Amino acid sequence: MSVPATIRDARDAFRTGARSATDLCRGSLAQIAAADGALHAFQTVTADRALARAAEIDRDRERWRDAPLAGVPIALKDNLCTRGVRTTAGSKILESFVPPYDATVVTRLERAGAVVVGKTNCDEFAMGSSTENSAFGPTRNPWALDRAPGGSSGGSAAAVAARMAPVALGSDTGGSIRQPASFCGIVGLKPTYGRVSRYGLLAFASSLDQIGPLTLTVGDAALTLNVIAGADAADATSAPDEVPDYTAALDGDVRSATIGVPSRMLESGVDADVARAFRAALDVLAARGATLVDVELPHAKHAIAVYYLVATAEASSNLARYDGVRYGFRAPEAKAEGGPSTDALRSMYARTRAGGFGPEVKRRIMLGTYVLSAGYYDAYYLKAQQVRTLILRDYDRAFERVDVVATPTSPTPPFRIGERIADPLQMYLADVFTVSAPLAGLPAVSVPCGFTSGRLPMGLQLTGRRFDEATVLRIADAYERDTGWWKQEPRGV
Amino acid sequence: MLAFAMAAGFTRAQVEAIAALANLALTPSELDLFARQLGDVLAYAEEVQEVDTAGVPPTAHVATRHGSDRPDRVMPCLDRDAALANAPDAARDAGFFRVPRVLG
């Protein structure tokens, strides 16, 4: 028997006794076995461990029965540390890295009764928008195997879309949860910066990174956020704010909601199918009683430039830790020339990093190193941080008038694997709608908003005020109630 | 200060200088590829220069709400064996990471 498509159905099946945790786990593992040969959504499947955990839950059913995620199979992006389970971040440099600790989100999920079935493929160190930058090969889009699932959390998105698990966690730095959710026809939520602890997330850009859920429904995203959100002593940037019950906000009522539409941003560069689906989605919300108003985000057009200066600068610093000393791959010793010297050590670092990192990671480390170097810091990094302030102020001003800002998640439907990989700049430009939310620290969700004539999924993005996930989710849920795109299944997986 | 041209494409020597700062041993073909690609990206990013940022403070992070200070207490942490477990070369008994010899 397969695993139910949603958290709610899986959890209810466990609660009522209709299905055991073991049964749910077997369902998930069976679907992975059936579909993952074609998709490569998983980097590691933790079948034995998952079954052992499920059996433990079944043995103590009374204790677990009312846990929020009791018996629910979950997949984790492979940049989240799992104690005793290999964690690669899609990189050869961490090919054999086995973390000695769990990320806080993993601890919280397991405490809520979730069963981890595996680790999902991603762009190396979450750098990419297609999952083609994984050192272990690309993931394929369940809707069209020749297309990219988006990235960097492409494995997580493909796993949920292909009904391998009702929920997966991803991480989002410039769109890495929302864009793959859009490409795979599912829901992806990037919470407010600080809402979810980053402890145990392999860092890419620390001022932008945030962990969030990928699910089929908005309700399931809210349920998962309930579990993973909240302060954590191990992450000083996690916010002390109370965690509300996000599912309680989903009342379907958008009559008091005002939705801002940055029309000027949408004038050019948006695919015709995407533009049509976006307009239709706004009509659905308007018909439910939401008010639509035009908003100006004058600095949004600079967001991609700012993002690729700030994120690469932070990455070049964060990834300095991979030097072949404490963990991961080390290049074989070079022949010593003229006896011991610091040259031998530096050469070991440089060859380890050259052999362990893939092209996109090297490119970003190089760019980040350059923009932080003496003489260019002010012109690029400092300047980008100042423009970041202006982007943030644009949103603050918009949120005086509106509750959320709506855009398409991606300007195009899923592109073909191999189509953009040779031109990094073109790949970066496609992040136009997703990079602003992390720069401003705002929560944003992508919810499915239909299919192209060629049956490729598209997503609607709603961005909200800091720590106002409730409103973002409420409006997305109301839209989902009238459309239900998530109920359509990709063929043949 | 490194003598780089501003964004108008990079020479191979300039890319080599950045690679040295980043501790990356690049191949000749990578040097050529990155010279072109970094030039493209920086030429695009040049647009931030047009923005008037006079008097605008930089945003380095968006963590607006911090947890309160905590008492400075000794807490459990990774034991030494666990910390060394992933090292490609460790002197486990002595409790050290080992690196190529730097002194004679």
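These entries record what I looked up in a predicted model.

**Entry 1: the contact between chains A and B.** I began with the interface and found 68 residues of chain A in contact with 49 residues of chain B. I then asked which helices of chain A supply at least two residues each to the side that touches chain B. They are H10 (303-318), H11 (342-356), H12 (359-372), H13 (377-398) and H14 (424-429). H13(A) gives the most to this side, with 11 residues. By residue class, I noted 37 nonpolar, 19 polar and 12 charged residues on the side of chain A that touches chain B.

**Entry 2: H10(A) against H13(A).** I next looked up how these two helices are placed. Their axes come within 9 Å and cross at roughly 125°, which makes H10(A) oblique to H13(A). I recorded the crossing as left-handed. From H10(A), the contact is made by A:Ala303, A:Val306, A:Leu309, A:Val310 and A:Ala313. H13(A) contributes A:Tyr380, A:Tyr381, A:Ala384, A:Gln385, A:Val387, A:Arg388 and A:Ile391. I classed the residues of this contact as 10 nonpolar, one polar and one charged.

**Entry 3: strand S6(A) and its partners.** Is S6(A), residues 210-215, buried or exposed? Six of its six residues are buried, so the strand is largely enclosed by the rest of the structure. I then looked up its pairing. S4(A), residues 167-172, runs antiparallel to S6(A) and is joined to it by six bridges; A:Ser171 has A:Ile211 as its bridge partner in S6(A). S5(A), residues 187-190, is also antiparallel to S6(A), with two bridges between them. There I noted A:Thr215 of S6(A) as the bridge partner of A:Val187.

Notes. Residues are numbered from 1 along each chain as its sequence is written. Chains are lettered from A and ligands numbered from 1 in the order in which they are written. This is a predicted model: local features need pLDDT of at least 70, side-chain atom pairs count only at pLDDT 80 or more; totals for chains, interfaces and linings use all residues. Two residues are in contact if their C-beta atoms, placed from the backbone, lie within 7 Å. Helices (H or I, at least four residues) and strands (E, at least two) are DSSP runs, numbered from the N terminus. Ala, Val, Leu, Ile, Met, Phe, Trp, Tyr, Cys and Pro count as nonpolar, Asp, Glu, Lys and Arg as charged, and the others, Gly among them, as polar. Axes are lines fitted to C-alpha atoms, for helices over the stretch in contact, and angles run from 0 to 180 degrees between N-to-C directions. Angles under 35 degrees count as roughly parallel, over 145 as roughly antiparallel, 65 to 115 as roughly perpendicular and the rest as oblique. A crossing is left-handed if the near helix is turned anticlockwise from the far one by less than a right angle, and right-handed if clockwise. A residue is buried if 20 or more other C-beta atoms lie within 10 Å of its own, exposed if 12 or fewer, and partly exposed in between; C-beta atoms are placed from the backbone. Two strands pair if DSSP finds at least two bridges between them.
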